[in-house]
Amino acid sequence: MSFELLFLGTGTSAGVPMIGCDCAVCHSDDPRDQRSRPSVLIRYSAASAPTQVLIDTAPEMRLQMLRHGIGRLDAVCFTHNHADHILGIDDLRRFNAAMGTHLDIYADKRTTTILREMFRYIFEPHNNVNQSFVATLVAHEVVVGRPFELHGARWTPIPLMHGRLPIVGFRVDYGGKSLAYCTDVSSFLPESYPMLENLDVLVIDALRHRHHPTHMTVEQALHEIDQIKPKRAYLTHIAHDIAHAELEPNLPEGVMIAYDGLSVDVWG
Ligand SMILES: [Zn+2]
Ligand SMILES: [Zn+2]
Ligand SMILES: [Zn+2]
């Protein structure tokens with residue numbers, strides 16, 4: 001059995017380095033300070049070919065997939081419709097071509113509706129002027145608090161608040177282990193907490209130290225980690241305010257900063 005969390009992107013919406021920024025972090029030599037837009041791959045298997053589920057399609061999705069040699073996906077789950085989480089969607093068509101089949105996508109009603117509006121050429125291909133090579137996606141609506149099954153794992157959409165926008169995180173239970181991916185969260189709801197119990201791994205938004213209306217600060221994230229008590233926690237959606245090597249030694253035991261390319265063995 002295997003159960004892996006692979007960080008494809010760990011940066012905030014503008015990425016790090018940011019265009020036109022002269023700060024020290026944007027010019028850092030530490031490869032962990034190079035952060036593409038946020039996305040993770042969840043991999044699990046009882047046999048040889050693992051199930052591979054992508055969470056969000058960042059603008060760098062194509063490059064993230066090439067970097068890790070990923071040519072096959074079993075499903076894509078979306079947390080919300082912000083550009084840093086969806087604009088790589090067009091490149092999903094390569095998975096259709098490589099696998100010779102449609103791709104199942106999972107999102108809540110709000111995100112599904114917006115994806116259909118924004119990407120009409122994908123979801124209403126019969127209206128395109130020319131016949132073109134677009135992704136073949138089959139949308140499945142998920143509801144917070146209502147688990148669904150994906151290739152032998154139980155996925156639970158967790159209600160999160162992203163400022164005033166309700167979005168979803170995902171809890172994955174597989175083979176007695178569990179992880180939760182909570183990006184772009186500024187606060188949890190009372191009903192979120194029961195879905196965050198007994199976690200082996202928690203991934204949580206920690207944008208920077210200064211307050212932000214739609215993201216947690218590092219301090220807020222640490223406070224939540226202290227309440228939720230996962231075995232291990234990883235901070236993500238990091239802005240250029242944070243230099244990896246500076247923050248890391250100041251974190252409590254069991255809390256790490258994620259970086260692009262980091263693979264976490266959920267069994268470990
Ligand atoms: Zn974001
Ligand atoms: Zn900068
Ligand atoms: Zn967002």
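Analyst: Strand β3 (residues 51–55) and strand β4 (residues 75–77) pair in the parallel sense over 3 bridges, where strands are DSSP runs of E with at least two residues, numbered from the N terminus, and two strands pair if DSSP finds at least two bridges between them. This is a predicted model, in which local features need pLDDT of at least 70 and side-chain atom pairs count only at pLDDT 80 or more, while totals for chains, interfaces and linings use all residues. Residues are numbered from 1 along each chain as its sequence is written, and chains are lettered from A and ligands numbered from 1 in the order in which they are written.

User: Which residue in β4 is the bridge partner of I55?

Analyst: Strands of a sheet pair through backbone hydrogen bonds, either parallel or antiparallel. For β3 and β4 the sense is parallel, and the partner of I55 in β4 is C77.

User: In what order do the 7 strands of the open sheet lie?

Analyst: The pairing in this open sheet is mixed. Its edge strands, each pairing on one side only, are β6 (137–141) and β15 (263–265). The order of the strands is β6-β5-β4-β3-β2-β1-β15.

User: Why does the radius of gyration of the protein chain agree with that of a compact globule?

Analyst: The radius is taken over C-alpha atoms, and the globule rule is 2.2 Å times the number of residues to the power 0.38. Because a compact globule with 268 residues would come near 18 Å, the chain agrees with its value of 18 Å.

Terms used
Helix = DSSP H or I, 4+ residues; strand = E, 2+ residues; numbered from the N terminus.
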